[in-house]
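Morning, everyone. I have one structure to walk through today.

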Amino acid sequence: MAVIFTVAVPVLARADAALEKVSFQPQVKGLRCLKAETVTMIRELVEKIGPIQITSTCGGRHARNSQHYRGNAIDFRPLATTPRKAAAVAKTLEAVGGVGSYSNGLVHVDVGDREFAWFGTKRGNRRLAYNARGR
């Protein structure tokens, strides 16, 4: 039993270190509304791109069937890289289902079933780019 504990401690420490690099805008009340898979995806993303500022989780105004309302999505601002690079890295993560980027520098990632990426400022002007990777 002691062997399992010693092996598990570094994994937990690494996970907590990743979440320490996450900051929140005032309207975001934390990660409690998110599903466990979403939090795991955030940890993996932060390990790859560095610190992020989360601007939206489950609350706020989103599209009618948004993954945000299911606890599957976040919007964030990358703090150590460009939004374009952050979106490109997010698309490579196995847990990520959808990736979107806004012209104001925010990036959307979710763990939903749909595997597509979008770019644009308004819903009507978005261009969809479907991911080629399968699950």
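One cut-off before we start: buried means under 20% relative accessible area, exposed means over 50%, and partly exposed is in between. Keep in mind that this is a predicted model.

Start with the cysteines. How many disulfides does a search of the whole structure find? One. The disulfide joins Cys 33 to Cys 58, with the sulfurs 2.2 Å apart. The torsion about that S-S bond is about 95°, so the disulfide is right-handed. Now, where do the two ends sit? Cys 33 is in the loop between strand S1 (22-24) and helix H2 (36-49), while Cys 58 is in the loop between strand S2 (52-56) and strand S3 (73-78). So the pair ties together parts that are 25 residues apart in sequence.

Are these two cysteines buried or exposed? Cys 33 has a relative accessible area of 40%, so Cys 33 is partly exposed. Cys 58 comes out at 16%, so Cys 58 is buried.

On to helix H2. H2 has 14 residues. From its first C-alpha to its last, H2 reaches 20 Å, close to the 20 Å expected at 1.5 Å a residue. Which residues of H2 are buried? Thr 38, Val 39, Met 41, Ile 42, Leu 45, Val 46 and Ile 49. They cover an arc of only 155° around the axis, which puts them on the same side of H2. As a reminder, an α-helix has 3.6 residues a turn, so residues three or four places apart point the same way. On the other side of H2, Ala 36 and Lys 48 are exposed. After H2 comes Gly 50, with a positive phi, near 95°.

Let me pick out Leu 45, which lies in H2. Its relative accessible area is 0%, so Leu 45 is buried. What does Leu 45 touch, leaving aside residues up to four places away in sequence? Gly 50, Phe 76, Ala 90, Leu 93 and Val 109. Note Gly 50 in that list; that is the glycine that follows H2. Look also at Val 89: Leu 45 and Val 89 are 44 residues apart in sequence, yet 7.8 Å apart in space, C-alpha to C-alpha.

Last stop, Asp 110. Asp 110 lies in strand S5, residues 107-110. At 8% relative accessibility, Asp 110 counts as buried. Beyond four places in sequence, Asp 110 touches Gln 67, Asn 72, Ala 73, Ala 95, Val 96, Gly 97 and Gly 98.

That's my tour. Over to you.

Technical notes: Residues are numbered from 1 along each chain as its sequence is written. This is a predicted model: local features need pLDDT of at least 70, side-chain atom pairs count only at pLDDT 80 or more; totals for chains, interfaces and linings use all residues. Side-chain values use heavy atoms; hydrogens and water are left out. A disulfide is a pair of cysteine sulfur atoms within 2.5 Å. Helices (H or I, at least four residues) and strands (E, at least two) are DSSP runs, numbered from the N terminus. Buried means under 20% relative accessible area, exposed over 50%, partly exposed in between (1.4 Å probe, protein chains only). Contact means heavy atoms within 4.5 Å. The expected span of a helix is 1.5 Å times one less than its number of residues. The arc is that of the directions from the helix axis to the C-beta atoms.
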